[in-house]
Each structure stands twice: as structure tokens, then as C-alpha cells.
Amino acid sequence: MSVLQFIRSYIFVAQMYLMLAVIAIGFLPVGVLGGRAGAVWVCRLYCHWVRFSARWIIGLRSEIRGTPPTGDVLIAAKHQSFFDILMIYSAVPRGKFIMKKELVWTPFVGWYAWLIGCIPVDRAKRGQAIKGMVEQARSERQHGGQLIIFAQGTRVAPGAKPPYKIGPAMLYRDLGLPCVPAATNVGVFWPRRSMLRKPGLAVVEFLDPIAPGLETAEFMAQVPALIESHSDKLMAEAGFDVNDPANRVGG
């Protein structure tokens, strides 16, 4: 990768965080006085800005495939980088996340997470965390929208195969909502622990919804199989060899 691409990457990352502050502060009256709809609008504005600037500065195009859900659903997503968060949120009208509790105290991000109805989870508490998450999600359901949870509980490098968490299955069972799995190849272009951002086509793909009513064991078998197979196809399309043992990081 050229030195120029590294320079572009640093410029992109710097302006991305600068614009986070500018948009968060500049549109705070909209986020506060406009209620949840106003806060969602501000968050989606930022997501679209990052997608636009990624294409313009670093040559990273982004594409949404499948049908983004617009009704009340649970989205169980693959998570490879910050960019897939933004892509998913830009594609749905009333999104909110299950997120780690530490982010509540993050400037700007924490403000808007609270305003749009995100549900913080203390992952250190494990069993208690799942119970609390389900209770909060049940209470939050009255507001409707798309509840987004990362099915493996954390960012995952391309090629890594950590187990899927039980959280999505518990929400699916208790909320009685359809579940839309979401696959991605974003990590091929936006590595977790590097400033380098690579040019190419980042994709988030919304898969067919799973109707309510599956048993937990069936859900836990079906969702990982769908997400992994479609993510592997997207990564292969991006030139990442999912069958190369050297790429099976942490697998």
C-alpha cells in the first residue's frame, strides 16, 4: 500500500473525529428539542457524512445490499469495524444499539446513544448483564424501531471465528420480534488495529428475516451459519482468501 494511502487515511480519520464533534455539538439543539426523531436524524447525518468522505478521501465506497428493515425488528449483525456500525445505522430509519456500558461516558457518542434509546450492557456481569439487557429491551420496545446487536459481542477480524453469543437469541425469544441477520466485509478495508484505510467496496448485506418462534437451539444454529456464509462470500468478493489458514486469526 502506498505512502499516499497512509496519508489519506490519517487525513480521513482526523476529519472523521473532527466532524463527529462539529455535528454532535452543532446539531445538539435538533437532537434534544427534536426528541428521538431529531437525535436519530443527527446520527444518520453523521453516518452519511463518513460514508461520503470515505469514498472521497480514501477511495472506500460503501454499498447496502438486501432490504434494510423499516419495521420493529432485531438486527443480529457481524461487526468488523466502526464503519459497519455507521453503514447499518445509515440504512435503517430508527436504529438503536445494544452497546457496551463504557461507551455511555464517551463524549458525543454517549450523548446521542442515550437520546436514540441505546441499551448499555455491563459485559463484566455476564448472566446479570443478559437479564438486564432483556429487561431494558422489553421496556424500550414501546418506542419501536430496529434494535441492533452484534452477534459475536465484539469486533471480529476478517477470518476470525469466535463463537456467537447467546444475547441475540434471548432478545429474539423474549421480544417476539423478527430477526434480520446482517453480514459484512468491512474489516477487509478498515482493520481493527491500524490507521490504514484501504480503497475498495465495503458491503453490509441484510439477509432475509427470520420469523419469530424458533427454538433457541435452532436460532443459535441458523443465525451464525447465515451470517458467516454470507460474510465469507463478501470477503472473498473483496479479495480476502477466507480459506487461507494464515487469515484465520484467532480461529
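Arg-65 is partly exposed, with a relative accessible area of 22% (partly exposed lies between buried, under 20% relative accessible area, and exposed, over 50%, with a 1.4 Å probe and protein chains only). The model is predicted, so local features need pLDDT of at least 70 and side-chain atom pairs count only at pLDDT 80 or more, while totals for chains, interfaces and linings use all residues. Residues are numbered from 1 along each chain as its sequence is written, and side-chain values use heavy atoms, with hydrogens and water left out.

The side chain of Arg-65 forms a salt bridge with that of Glu-237, at 2.7 Å from N to O (a salt bridge is a side-chain nitrogen of Lys or Arg within 4 Å of a carboxyl oxygen of Asp or Glu). Arg-65 belongs to strand β1 (residues 60-65) and Glu-237 to helix α8 (residues 216-237), so the pair ties together parts that are 172 residues apart in sequence. Helices (H or I, at least four residues) and strands (E, at least two) are DSSP runs, numbered from the N terminus. Glu-237 is also partly exposed, with a relative accessible area of 47%. Across the whole structure, the search finds ten salt bridges.

Helix α8 also holds Glu-228, which pairs with Lys-78 in the loop between β2 (73-77) and α4 (82-91), 150 residues apart.

Lys-161 is located in the loop between β5 (146-150) and α7 (167-175), and 67 residues separate it from Glu-228 in helix α8. Lys-161 is partly exposed, its relative accessible area being 28%. Together with Asp-232, the residues Lys-78, Lys-161 and Glu-228 are linked in a network of salt bridges.

Lys-100, Arg-123, Arg-126, Arg-155, Lys-165 and Arg-193 form a positive surface patch. Patches are made of residues with over 30% relative accessible area and no salt bridge, like charges being joined within 9 Å; areas come from the Shrake-Rupley method with a 1.4 Å probe. Lys and Arg count as positive, and the place of a charge is taken as NZ of Lys or CZ of Arg. Arg-126 is exposed, with a relative accessible area of 67%.

Methods
Patch = residues over 30% accessible without salt bridge, like charges linked within 9 Å, V, L, I, M, F, W, Y side chains within 5 Å.
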